[in-house]
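Please read them with the structure open.

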Amino acid sequence: MNKKKVVIFTILSIIFIALTVIGIVNNDFLLIEQFGKFLCLDCIGIS
Amino acid sequence: MRRISQVFFTILFNSYPGINPAERDFMYQGSLKKVCVPILNCYSCPLAWGSCPIGSFQQTLKMGVIPFFIIGFFGIIGLISGRFVCGWLCPFGMFQELLYKIKSIKITIPGFMRYFKYVVLGLTILIPIFWHEPFFCKFICPAGTGEASIWQILMQPMLISSIGFFFTLKYMFFIIFIAGSITMKRFFCVTLCPIGAIYGLFNRISLLKINVHKDPSKPNACTECNNCLNHCPMDIAIYRDTAHLDCIRCMRCIDVCPHGSVSSNIPLFNRSQREAASSGDISGSVSPG
């Protein structure tokens, strides 16, 4: 990778790791679980 | 090796015995649903263990909450591997590749259609925010129709009474999807998949890379014979752009290159190329380029 790509990669890595950590702290898992646990009527074409 | 990986992950993500009537809605409702799988896999499928990332992403946006975790999750996977998961993990990708094996008229997808998935991605983000509707799940997602809708309705016939316009729309699209996948290479992945669109944006900077040797003084220089293009499941000439937005890193081009010009920065993927080169057995025809 050239220098420019390394810089972009590093910045994006920091951003995405930070977003993941914020999501974990915010308990995004609980939201995801709520959506996943129940039948998604939109997904099966009934709404 | 790739087909084994696709079958393995299809079973890994979809092996819940969803016919257990004790479970409400005939689907897994345990704590694994907290985890998103990295590919398109409907969470209403009776066999699914995990959650769909794009479904969860839209539902979270619909509630007016920013899905930090899912954005970070997409980004980290994209930075590591680009669209690799599309080629090696996605059951829906494998399904399309199998459909394409059916003998029929074959059509090349026009170049401009490749950008349509970015329109879909834009609508997938904007419509849940402004209109509070999960656009992709509701109007397009063929995984929801094929993996979830058909089976949920068969197991819960009372749902039939709720069938309406959107049901007809989704099944019409599903028929188009099947026809498209039989006649065009990975029709859905190339033209519509928002998850592939996201991962594709990272192909240029991801850790996993494909290289094409072009130095004419070297014996393994690319001659642009187009053997890679003929075998590519996404219809890409990898020598034109090794970081193409649609490259799913399936490594087929490495296996079929008669000159050994294509390689990956992960040695594991170059193994079959080395084996083929040493035995002098490289499959596929070479057309003048």
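1. Start with a helix pair in chain B. H8(B) passes H9(B) in a left-handed crossing. Keep in mind throughout that this is a predicted model.

2. By class, the contact of H8(B) with H9(B) has 8 nonpolar, 4 polar and 1 charged residues. The H8(B) side consists of B:Pro142, B:Gly144, B:Thr145, B:Gly146, B:Ser149, B:Ile150 and B:Ile153. They meet B:Phe167, B:Lys170, B:Tyr171, B:Phe173, B:Phe174 and B:Phe177 of H9(B).

3. Now the geometry of that pair. Helix H8 of chain B covers residues 142–155, and helix H9 of chain B covers residues 165–183.

4. A second pair in chain B deserves a look. Helix H1 (residues 2–13) of chain B and helix H5 (residues 91–100) of chain B cross at roughly 125 degrees. Their axes come within 9 Å. That angle makes H1(B) oblique to H5(B). The crossing of H1(B) past H5(B) is left-handed.

5. Which residues of H1(B) meet H5(B)? They are B:Arg2, B:Arg3, B:Gln6, B:Val7 and B:Thr10. On the H5(B) side, the partners are B:Pro91, B:Met94, B:Glu97 and B:Leu98. By class, this contact has 4 nonpolar, 2 polar and 3 charged residues.

6. Next, the interface between the chains. Chain A puts 32 residues into the contact, and chain B puts in 51 residues. The area buried between chain A and chain B is about 3500 Å². Carbon and sulfur atoms give 75% of that area.

7. How many salt bridges does the rule find across the interface of chain A and chain B? The count there is 0. Over all chains, the rule gives 11 salt bridges.

8. Side chains of opposite charge can pair when their charged atoms come close. In chain A, A:Lys37 forms a salt bridge with A:Glu33. Their closest N and O atoms are 3.5 Å apart. The cut-off is 4 Å. Both A:Lys37 and A:Glu33 lie in helix H2 (residues 28–37) of chain A. They sit 4 residues apart, about one turn of the helix.

Notes
Residues are numbered from 1 along each chain as its sequence is written. Chains are lettered from A and ligands numbered from 1 in the order in which they are written. This is a predicted model: local features need pLDDT of at least 70, side-chain atom pairs count only at pLDDT 80 or more; totals for chains, interfaces and linings use all residues. Side-chain values use heavy atoms; hydrogens and water are left out. Axes are lines fitted to C-alpha atoms, for helices over the stretch in contact, and angles run from 0 to 180 degrees between N-to-C directions. Helices (H or I, at least four residues) and strands (E, at least two) are DSSP runs, numbered from the N terminus. A crossing is left-handed if the near helix is turned anticlockwise from the far one by less than a right angle, and right-handed if clockwise. Contact means heavy atoms within 4.5 Å. Ala, Val, Leu, Ile, Met, Phe, Trp, Tyr, Cys and Pro count as nonpolar, Asp, Glu, Lys and Arg as charged, and the others, Gly among them, as polar. Buried area is the accessible area (1.4 Å probe) that two parts lose on being put together, summed over both. A salt bridge is a side-chain nitrogen of Lys or Arg within 4 Å of a carboxyl oxygen of Asp or Glu. Angles under 35 degrees count as roughly parallel, over 145 as roughly antiparallel, 65 to 115 as roughly perpendicular and the rest as oblique.
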